[in-house]
Amino acid sequence: MGKQQFQRRTGMKRRNNKEPFWQNKRVVSDKKMEEDPLFSSDDQSNGKLEKENGIRHEVMIHKEPTMYDNLLRSLRKKVVTAGSEEDSDDQEKHDGNEESTEVESDGEPSIPDHQENDLGDDADSEASDIDEEDDVVGTLSNTSTFHKHLGYKLSQEEVNKLLEKKWTYKWESEESNCKWRGTGENFLKELDVNSCYGLKSALYKHWLDTYKESGSQDFNSSKQRSFFSICNSYRDILHHNKKPFYLKGREEDASIMDAYVVHSLNHVFLTRDLVKKNKAKLTKAQGNMQRDVVNSDAFLDHGFTRPKVLILLPYASIALRVVRRLIELTPPKYKTKIEELERFLRQFESAATNEEDEDIKTSKPSDHKALFGGKNNDDFMLGIKFNRRSIRLYGDFYSSDIIIASPLALVLKIGESEKIKEKDIDYLSSIEVLIIDHADIMVMQNWSHVADVVKKLNTIPSQQHGTDIMRIRQWYLDGHAQFYRQTMILSSHENQDINALFNHHCLNYEGKIKLVCNYKGVLPKIVLQVRQVYLRFHAETIVGAEDARFEYFTNKVFPKIKDSIQGGTMIFISSYFDYVRVRNFLRAQEASFCLLGDYAKPSDTSRARNWFFSGQRKIMLYTERAHFYHRYKVFFFFNIRGIQNLIIYSLPERKEFYPEIVNMLQGTDCTVLFSRLDMLQLGRIVGSSAAKRMISSVEGTFVYV
């Protein structure tokens, strides 16, 4: 990463004395030093002063330094060293050169403080543009939700309460089918639908013009305007009923994407405006006035690193849609030039994959072709940097404003950082807006990757990375950044893993808002005359639920299959771990079975289908992930044939899969296992009202015909 440079910041001239910066920055007296959180974990705990006979004695108490303490010590030493080298000619540089820059190999100026790097290409006109660019719609800039959210000071009592991870949802919106339910105050009641408070004027006007150009008229009542208002509250959001573009929900999906893209752009632009405005004030300040200005909390506007927005997406084809829309929604004056656009399109835009023959492709359902018809790469990472008049794709992660990546790519980066010290992931330390879109697809990929990435966010960095630590927000230094991060999880459905992440790793002090829906079910989509028997087994806890399911299957269901001379039994399993468990059990029982699993090769899949159809294997194990990726079309020659008896070991997460699987049945019997802990999946399939009755009823068997 190169040698660290510690250069003077414009308007922040160091004093000519040789005092360390912590004695003249924020701390101007012994009393303030004792109260400064920078010293609360180290200076006050490692030594205390006692007074005997008028003489002060220091009693040292040994304490192992934490990573946070070591980082602060190293930063202090580096800044003191840099200050002693610069003090001799500091005044001369201040008069003759407004910014000290270092030329990189590509010829572009690089300022060590990545927060200020390339914030303005036209240095002479920068100050005159601040007032114009800082203009926001409907409110004063310093009272916008952006400034209120980042400027709030958390007390230790509030931090302790957030760490308890107990959330009380106090209010609901008035919609009929799906309702927003939130903690704290109901901000939706007082929401003015005719305003876009806190949105930059140029961004708002361009968004409105883009909306009208699409042929739409009533912007204030649109879905994107409504969802933007929720995003602009800076609360954590769980939207689990988003109809995706590949399931004929292109308009709804695009509206929600527009809202979070505009919110992300607004957050980046307001961050840049704040840094530029404070920089201009520091430039004008002189002498004692400068010291007072520097000591003011109003000029703490930096994080540890520059990237502020992280967008997690499952596939490169979806990233292509998001980046294209992000460029379209950026006001023209901010994108007079788009660097590396051709390279981006070349890498992210491609024709349909060639893994299967064309006749096989035509056998897939339309939603499968819409989702997998483009670049299906799930290992990608892109930094987007906003200069004053241009957008740069493929920016260095430490100088980027927005990072768009797949969970897999970041997990690989995390693995590299753990093995190679120089390859750190400190660019994740200052993420203030996290967006996880199409979370339902990530569940099909590997949700643990998402959880691993979130756990690595907002940690104390291992290096300084050129940031001016005298302007880092105090709550970053206190290790409280996770309580200021806004997280949005957008999905077509919810499950236990998504809820666990939202409840335990999204600790925004602003509170939470999530969607609660009543489902009608998908049973009417079953076109065959099938007798569906739902069998409820007893499970006390989530931890013991899978053991209870396996025990019920081996004791109650499998003996009937084993004693039957009829073949053609398909066992559908949603979880890969359950699939492995049942597979090992069948092997131990020396049962006749074949596999259509997650990682089966095409040749193995074809062989298994032929064995099952011809009766050479009586049982077939089939997983939800295999169906998600292969999607054998119903009533077509490529269908799974020979299914006489269907056993749904665990209900699918995706409700549309249930009628697809049942409609493959050539017999008339379908058996479904469920417990009260399957309420989420059960409600989406049989309907919310019916699911509640099935869970609470004293009866354990339910039949649908």
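Select helix H10, residues 223–231: it is mostly covered, with seven of its nine residues buried. The model you have open is predicted.

Show the side chains of the buried set: Gln224, Arg225, Phe227, Phe228, Ser229, Ile230 and Cys231. Now bring up what covers them. The cover includes strands E6 (178–182), E7 (236–239), E14 (486–490) and E15 (512–517), along with helices H9 (201–213) and H11.

Zoom out for a moment. The chain's secondary structure comes to 27 helices and 22 strands. Of its 705 residues, 55% are buried. Take the contacts with a separation of 6 or more: 78% of them join residues 24 or more positions apart.

**Into the core**

Next, select Tyr260, Leu310, Ile404 and Ile436. In the largest nonpolar core, which has 116 residues, these four touch the most other members. Helix H11 (residues 250–284) gives this core its largest share, 10 residues. In soluble globular proteins, nonpolar side chains tend to be buried together.

Center on Leu310. What does Leu310 touch, leaving out residues up to four places away in sequence? The list is Ile403, Leu410, Leu428, Ile431, Val433, Leu434, Ile435, Val453 and Leu457. Another core lies apart from the largest one; it has 34 residues, including Cys594, Ala608, Val672 and Phe674.

**A helix pair**

Keep Leu410 and Val453 on screen; both touch Leu310. They also take part in the contact between helices H17 and H18. Select H17 (residues 407–419) and H18 (residues 439–455). Their axes are 9 Å apart, and the helices pack at an angle of about 40 degrees. That angle makes H17 oblique to H18. The crossing is left-handed.

Now color the contact residues. From H17 come Pro407, Leu408, Leu410, Val411 and Ile414; from H18 come Met442, His449, Val450, Asp452 and Val453. By class, the contact has eight nonpolar residues, one polar and one charged.

Phi of His438 is near 60 degrees, a positive value in a residue other than glycine. Is His438 buried or exposed? It is buried, with a relative accessible area of 1%.

Finish at Lys165, in the loop between helix H8 (156–163) and strand E5 (171–172). Lys165 is not glycine, yet its phi is positive, near 60 degrees. Its relative accessibility is 31%, so Lys165 counts as partly exposed.

How values were computed:
Residues are numbered from 1 along each chain as its sequence is written. This is a predicted model: local features need pLDDT of at least 70, side-chain atom pairs count only at pLDDT 80 or more; totals for chains, interfaces and linings use all residues. Side-chain values use heavy atoms; hydrogens and water are left out. Axes are lines fitted to C-alpha atoms, for helices over the stretch in contact, and angles run from 0 to 180 degrees between N-to-C directions. Helices (H or I, at least four residues) and strands (E, at least two) are DSSP runs, numbered from the N terminus. Angles under 35 degrees count as roughly parallel, over 145 as roughly antiparallel, 65 to 115 as roughly perpendicular and the rest as oblique. A crossing is left-handed if the near helix is turned anticlockwise from the far one by less than a right angle, and right-handed if clockwise. Contact means heavy atoms within 4.5 Å. Ala, Val, Leu, Ile, Met, Phe, Trp, Tyr, Cys and Pro count as nonpolar, Asp, Glu, Lys and Arg as charged, and the others, Gly among them, as polar. A nonpolar core is a set of buried Ala, Val, Leu, Ile, Met, Phe, Trp, Tyr and Cys residues joined through side-chain atoms within 4.5 Å. Buried means under 20% relative accessible area, exposed over 50%, partly exposed in between (1.4 Å probe, protein chains only).
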